[in-house]
Amino acid sequence: MAKVIMNEMEMMRALTRLSYEIIERNNGIENVVLVGIETRGVYIAERIAKKIASIEGDVEVLSLNIKAYRDDASMAPVLPENHPDLSAKNVVLVDDVLFTGRSIRAAMDAVVDMGRPAEISLAVLVDRGHRELPIRPDYIGKNIPTSKSERVSVHVVEVDEEDSVIIE
């Protein structure tokens with residue numbers, strides 16, 4: 001049985017709040033780079049960037065594929081030759097759902113391979129708990145207590161033709 005936890009309007013409000021929090025914590029957007037974790041994290045990062053642009057100005061958004069960095073991957077990570085240099089940047093990793101923390105660990109490894117950022121922070125639309133690693137988000141759209149057997153799905157209009165967060 002699926003239950004809608006966030007509808008389109010609630011998602012929009014959460015992303016607006018995340019945008020303001022990112023601006024405030026970084027004292028503006030100078031040197032800030034949003035790094036969206038593929039797939040839905042990229043769309044969320046782009047929406048946050050659009051909101052930040054309407055408030056403060058343009059902010060760079062990058063897409064990050066972490067498959068080769070996962071601890072269950074058998075392939076060695078290889079960055080493209082033209083990868084961005086994130087040295088001395090304030091990197092905000094953006095993902096849809098934070099669960100065990102393993103995807104975020106992989107993303108941090110990938111980011112560090114692209115330079116030595118001044119800071120790495122984490123923004124998630126949904127924090128559902130059940131961490132296996134000591135990772136905590138800096139910006140949270142919504143905390144959703146779940147059981148390990150439940151599944152949280154974020155739907156974005158760009159991929160799923162609707163905006164919602166569903167728990168099954």
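**Pockets and backbone**

Analyst: In this predicted model, the largest pocket holds about 540 Å³ of space. Its lining is made up of 22 residues, and D95, D96, V97, S103 and V152 lie nearest the centre.

User: Which element gives the most to the lining of the largest pocket?

Analyst: β4 does, with four residues. The elements that each supply at least two residues are α2 (40-55), β4 (90-98), α3 (102-113) and β7 (152-155). By class, the lining has eight nonpolar, six polar and eight charged residues.

User: What makes up the lining of the second largest pocket?

Analyst: That pocket has a volume of about 230 Å³. E8, M12, L15, T16, R47, K50, K51, S54 and D163 line the second largest pocket. Two or more of these residues come from each of α1 (8-25) and α2. Five are charged, two nonpolar and two polar.

User: Why is A88 called partly exposed?

Analyst: Its relative accessibility is 46%. Buried means under 20% and exposed means over 50%, so a value in between is partly exposed. A88 sits in the loop between β3 (60-64) and β4, and has a positive phi, near 65 degrees, without being a glycine.

User: Why does E161 count as exposed?

Analyst: E161 has 72% relative accessibility, and exposed means over 50%. E161 lies in the loop between α4 (157-160) and β8 (164-167). Its phi is positive too, at about 65 degrees.

User: Which omega value goes with the cis peptide bond from E38 to T39?

Analyst: Omega is near 10 degrees there. T39 belongs to the loop between β2 (32-37) and α2.

Terms used. Residues numbered from 1 in each chain as written. Predicted model: local features only at pLDDT ≥ 70, side-chain atom pairs only at ≥ 80, totals over all residues. Heavy atoms only, no water. 1 Å grid on protein atoms, 1.4 Å probe; cavity = no way out; pocket = protein on both sides within 12 Å on 5 of 7 lines; lining within 4 Å. Points joined across faces, edges and corners; volume = space filled by probe spheres on them. Nonpolar A, V, L, I, M, F, W, Y, C, P; charged D, E, K, R; others polar. Buried < 20%, exposed > 50% of the residue type's maximum accessible area, 1.4 Å probe, protein only.
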